[in-house]
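Please keep the model open while you read.

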Amino acid sequence: MNFITFVLSKQSVQSAVFWAQKHLSELENPQFEAEFLLSSLLKRSMTELRTHPKTELTVSQKETFFRCIKKRKKRIPAAYILGYKQWNGYQIKVNKNTLIPRDETEVLIQHIQTESRDFTPTKILDLGTGSGCIALAMQDIFPTSKIEAVDISGMALKVAKQNIRTLAKYPENVSFWQSNLLDSLLPSQAYQIIVANLPYVPTTTTISPEVKQEPPQAIFSGDDGLNLIRTLAEQLKTKDILFKELWLEFLPESADTIKQIFAEYQVCFKNDVSGKPFFACIKPNQN
């Protein structure tokens, strides 16, 4: 069925989903994909769609849905099609210049929030801010903190600024720097918390067609995925950056190497929902 035929024909929720399922048959779960996109476009829950299958779509809704399904068939991620990702209670704006926020990073945020500490953070550094999702969460959890959000990509920072401006409770607490890790930051800075959710996928890793649509510099980091983390470890020393907590996200198989890279520090691994070590809280050794 071509665009004109689809738009001019009578389409209910049920028939539109059925048509979309056939077009998305190569995907792992065509029904979910179709229902998710349609529910997002109609601003209704998937349960509402299923309980009101005979609801007819307007011409405008049919036009938009047809175009969305054609894009999804090309393996464009749903978040890029919709222009946002629902993450940690926020509707995060994303585009091709930003990595789509991952569900596992919500677990990282939970670990940061529940960590036992005897201080109230006043200065937080978010390295590799991307869409700004972590900076957004930090200003929510620590409303009195000043947060510096850093990214190498000026286009990503543009999106991050939009998300902070429209979603943050305390946007005045967040500032932005374009920098390759710590390159553009002044030496001898002190932060209570540094969150460095950096690219950690080995360049030899086979990735899905959807992930291939995302910025490669936000995904890959050398043969073992740890090049940027190694660079950060060196920069922390050479620029004399002080911190009380450094939070990292990485692949579970990298845990031993993370411990080696930060051998001079206390390294405490934190698990994701699968029970595997996806995160680390790194603290200076107490003298």
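**Notes on the model**

1. A word on the basis: this is a predicted model, where local features need pLDDT of at least 70, side-chain atom pairs count only at pLDDT 80 or more, and totals for chains, interfaces and linings use all residues. Residues are numbered from 1 along each chain as its sequence is written, and side-chain values use heavy atoms, with hydrogens and water left out.

2. The protein chain is split into domain 1 (3-74) and domain 2 (89-284), with bounds from an automatic or database domain assignment. Taken over C-alpha atoms, the centres of domain 1 and domain 2 are 36 Å apart.

3. Next, look at helix H3 (residues 30-42) and helix H5 (residues 59-73), whose axes come within 10 Å and cross at roughly 140°. Helices here are DSSP runs (H or I, at least four residues), numbered from the N terminus. Axes are lines fitted to C-alpha atoms over the stretch in contact, with angles from 0 to 180 degrees between N-to-C directions. H3 and H5 are therefore oblique to each other (angles under 35 degrees count as roughly parallel, over 145 as roughly antiparallel, 65 to 115 as roughly perpendicular and the rest as oblique).

4. Which residues of H3 meet H5? In H3 they are Glu33, Ala34, Leu37, Leu38, Leu41 and Leu42, and their partners in H5 are Gln61, Thr64, Phe65, Cys68, Ile69 and Arg72 (contact means heavy atoms within 4.5 Å).

5. Finally, Phe32 and Phe36 both sit in helix H3, 4 residues apart, about one turn of the helix.

Notes. Helix = DSSP H or I, 4+ residues; strand = E, 2+ residues; numbered from the N terminus.
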